[in-house]
Amino acid sequence: MTDVAFHFGAPNKLEYVGRLLRKAVARGARLTVLAVPAQVQYLDASLWATSPTDFLVHGVDNGASPDLRCPVVLTSKVHPALSSHGVLVNLTHEMPEGFDVFDRVIEVVSVDEEDRATARLRWKQYVQLGYAIQRHDLKLKGAE
């Protein structure tokens with residue numbers, strides 16, 4: 001069964017995800033980031049704008065077949081082939097369709113009240129489907 005974790009309290013979701021991706025890839029993880037197109041564009045640009053020593057190899061799924069050789073794929077739609085990445089990071093306001101083909105789902109939630117409200121709905125949906133959820137409060141961990 002897919003592990004589900006919510007990371008609550010990210011002051012800036014996209015900056016937090018950038019740090020999360022670098023840390024996870026350094027540990028050998030392969031991740032898919034699900035986001036709306038504007039967020040995909042921002043993340044792509046910000047990952048390219050890092051220093052050469054911090055550069056994170058990534059691919060952007062533009063509707064064609066995603067490059068599964070990249071440890072990180074940025075997408076606006078989950079494809080079954082992406083399950084080989086193991087971890088799905090969800091930045092959208094909806095529970096991702098097809099999330100259960102991944103080993104782990106990480107829901108990143110900002111401090112914005114609308115984002116928190118939609119996260120509560122997703123939490124309830126996961127629970128109704130029988131998933132146990134891990135909660136990580138970023139404020140307590142000093143992620144400000």
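Axes are lines fitted to C-alpha atoms, for helices over the stretch in contact, and angles run from 0 to 180 degrees between N-to-C directions. Helices (H or I, at least four residues) and strands (E, at least two) are DSSP runs, numbered from the N terminus. The model is predicted, so local features need pLDDT of at least 70 and side-chain atom pairs count only at pLDDT 80 or more, while totals for chains, interfaces and linings use all residues. Residues are numbered from 1 along each chain as its sequence is written, and side-chain values use heavy atoms, leaving out hydrogens and water.

**Helix pair**
- The axes of H1 and helix H2 (residues 37–48) come within 11 Å and cross at roughly 55 degrees.
- H1 is therefore oblique to H2; angles under 35 degrees count as roughly parallel, over 145 as roughly antiparallel, 65 to 115 as roughly perpendicular and the rest as oblique.
- Contact means heavy atoms within 4.5 Å. Leu14, Val17, Leu21 and Arg22 in H1 meet Gln39, Tyr42, Leu43, Ser46 and Leu47 in H2.

**Sheet**
- An open sheet is formed by 7 strands in the order S3-S4-S2-S5-S6-S1-S7, with parallel pairing; two strands pair if DSSP finds at least two bridges between them.
- Strand S3 (58–60) and strand S7 (133–137) stand at the edges with a single partner strand each, so one side of each lacks a neighbour in the sheet.
- From one strand to the next, the twist averages 20 degrees.
- Strand S5 (residues 86–90) pairs with strand S6 (residues 104–110) in the parallel sense over 4 bridges. Asn90 has Glu107 in S6 as its bridge partner.

**Helices on the sheet**
- Helix H1 (residues 13–26) lies across strand S1 (3–10), strand S2 (30–34), strand S4 (72–75), S5 and S6, and runs at about 150 degrees to S6.
- Helix H3 (residues 113–128) packs on the sheet, touching S1, S5, S6 and S7, and its direction makes about 155 degrees with that of S6.

**Aromatic rings**
- The whole structure holds 8 aromatic pairs; rings of Phe, Tyr and Trp (its six-membered ring) pair if their centres lie within 6.5 Å, and planes under 30 degrees apart count as stacked, over 60 as edge-to-face and the rest as tilted.
- The rings of Phe6 and Trp123 have centres 5.1 Å apart and planes at 50 degrees, so this pair is tilted.
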